[in-house]
Amino acid sequence: MAGPTFTVGNATVTRIDDFDQAKLPAQGLLPDWDANWIGDHPDAVPSGTFDADEGTVPLPVHSWLIRDGVRTILVDTGAGNAKVRPYSPWFDRLDTSFLSRLAEQGVAPEDVTHVLLTHLHVDHVGWNTRLQDGVWVPTFPRARHVLVADELAYFTDFANLDERSRTSFAAQQDSVLPIVAAGLADPIAIGGLEAIPGFTFHALPGHSPHHAGILWKSGGAIALFSGDVMHHPVQVSRPEWNSRFDADPATARTSRRQALELAADTNAIVFTAHFGGTSAGRVSRDGPSFCWTTEG
Ligand SMILES: [Zn+2]
């Protein structure tokens with residue numbers, strides 16, 4: 001089934017699903033998950049984001065396709081097919097229909113003009129490459145791939161290799177470095193300048209060392225691609241609740257609050273990487289905290 005499409009200014013944004021089978025016990029994703037608090041605040045857990053019978057939360061993986069009449073842009077590229085991920089069983093040797101879903105939208109790989117990457121984790125860079133005759137080749141051979149230079153430097157410096165980062169190191173080898181070798185990568189510094197016209201990367205570290213949110217201005221509308229600064233809508237109401245995937249907990253909390261302030265103050269539509277339901281919504285202030293309203 002085709003993912004939802006949203007209008008943002010003069011452009012459209014369509015969710016392209018990659019892998020939607022992952023789910024976790026709520027407390028397995030968010031160790032601070034408080035069932036009593038949830039019971040008192042059911043609006044903080046919108047429909048499609050919590051299975052109360054199972055006690056689980058979905059953790060879908062997808063990409064966002066932006067078309068503005070001139071450019072065809074993907075924000076993050078899912079987990080990819082055939083990647084060997086012994087330490088991340090969810091993503092090990094997948095065979096998903098991601099490219100067919102793009103084709104259903106009328107998009108061939110050669111049509112993609114830009115790939116923008118919020119960070120370089122396994123489930124965000126996978127479709128950068130595909131396996132052809134035993135070699136990882138760029139999936140989108142005409143696209144400029146914009147990524148944060150410091151993040152690439154971190155995950156290719158073997159001084160940083162440990163149990164937590166080992167899958168990220170593998171992902172650089174088969175999904176990022178082939179793009180660099182093909183001359184298709186534009187590693188940037190996060191510094192307030194537009195990465196490409198209309199799109200600005202904002203430093204939101206903590207989940208990964210140099211994680212970014214991507215703010216986009218289109219015809220008077222504003223969107224925020226929030227990457228993994230949060231994994232579940234309850235974190236809008238409880239920004240102090242980290243996910244177990246956040247590498248630096250204190251920094252992740254600070255960045256989450258900054259992202260929520262940015263989204264609320266700009267009335268941005270927020271496109272998330274892992275929320276169940278439509279995975280898009282808006283943030284408004286609610287006293288010292290925030291509240292999430294699903295869109296679509
Ligand atoms: Zn992710």
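Buried here means under 20% relative accessible area, exposed means over 50%, and partly exposed covers what lies in between, with a 1.4 Å probe and protein chains only. By that scale S226, at 0% relative accessibility, counts as buried. The model is predicted, so local features are given only where pLDDT is at least 70 and side-chain atom pairs only at pLDDT 80 or more, whereas totals for chains, interfaces and linings use all residues. Residues are numbered from 1 along each chain as its sequence is written, and side-chain values use heavy atoms, with hydrogens and water left out.

We can begin with the overall fold. The protein chain contains eight helices and 18 strands, where helices (H or I, at least four residues) and strands (E, at least two) are DSSP runs numbered from the N terminus. Its radius of gyration is 18 Å, close to the 19 Å that the globule rule gives for 296 residues, so the chain is as compact as a globular protein of that length. This radius is taken over C-alpha atoms, and the globule rule is 2.2 Å times the number of residues to the power 0.38. Along the principal axes, the C-alpha atoms fill a box of roughly 55 × 45 × 40 Å.

Of the 296 residues in the protein chain, 53% are buried. Among contacts (heavy atoms within 4.5 Å) with a separation of 6 or more, 68% join residues 24 or more positions apart. The accessible surface comes to about 12200 Å², and carbon and sulfur atoms hold 50% of that area; the areas come from the Shrake-Rupley method with a 1.4 Å probe, and for residues only the protein chains shown count as cover. The chain carries 21 positive and 35 negative side chains, and the centres of these two sets lie 3 Å apart. In this count Lys and Arg are positive and Asp and Glu negative, while His and the chain ends are not counted. Each charge is placed at NZ of Lys, CZ of Arg, CG of Asp or CD of Glu.

The interior can be described through its nonpolar cores, each a set of buried Ala, Val, Leu, Ile, Met, Phe, Trp, Tyr and Cys residues joined through side-chain atoms within 4.5 Å. The largest has 43 residues, and W33, L102, L120, F140 and V234 have the most contacts inside it. At least two residues of this core come from each of β2 (11–19), α1 (26–29), α2 (35–40), β5 (61–67), α3 (98–104), α4 (122–125) and α6 (166–181). Helix α6 gives the most to this core, with four residues. Leaving aside neighbours within four places in sequence, W33 is in contact with A26, Q27, I38, V45, F50, V57, H232, V234 and W241. Apart from this core lies another, of 23 residues, which includes F6, F199, W216 and A280.

Beyond its neighbours within four places in sequence, S175 is in contact with K83, R85, V125, G126, N128 and T129.

P109 sits in the loop between α3 and β7 (114–116) and is buried at a relative accessible area of 16%. Not counting residues up to four places away in sequence, P109 touches R130, T139, F140 and P141. P109 and L99 are 10 residues apart in sequence, and their C-alpha atoms are 7.8 Å apart in space. Q258, in helix α8 (residues 249–266), is partly exposed at 40% relative accessibility. Outside the four places on either side in sequence, Q258 is in contact with A203 and L204.

Backbone angles deserve a brief word too. Most residues other than glycine have a negative phi. R93 has a positive phi, near 45 degrees, and is found in the loop between β6 (72–75) and α3. R93 is exposed, with a relative accessible area of 55%. N267 also has a positive phi, near 50 degrees, and lies in the loop between α8 and β16 (269–272). At 49% relative accessibility, N267 counts as partly exposed.
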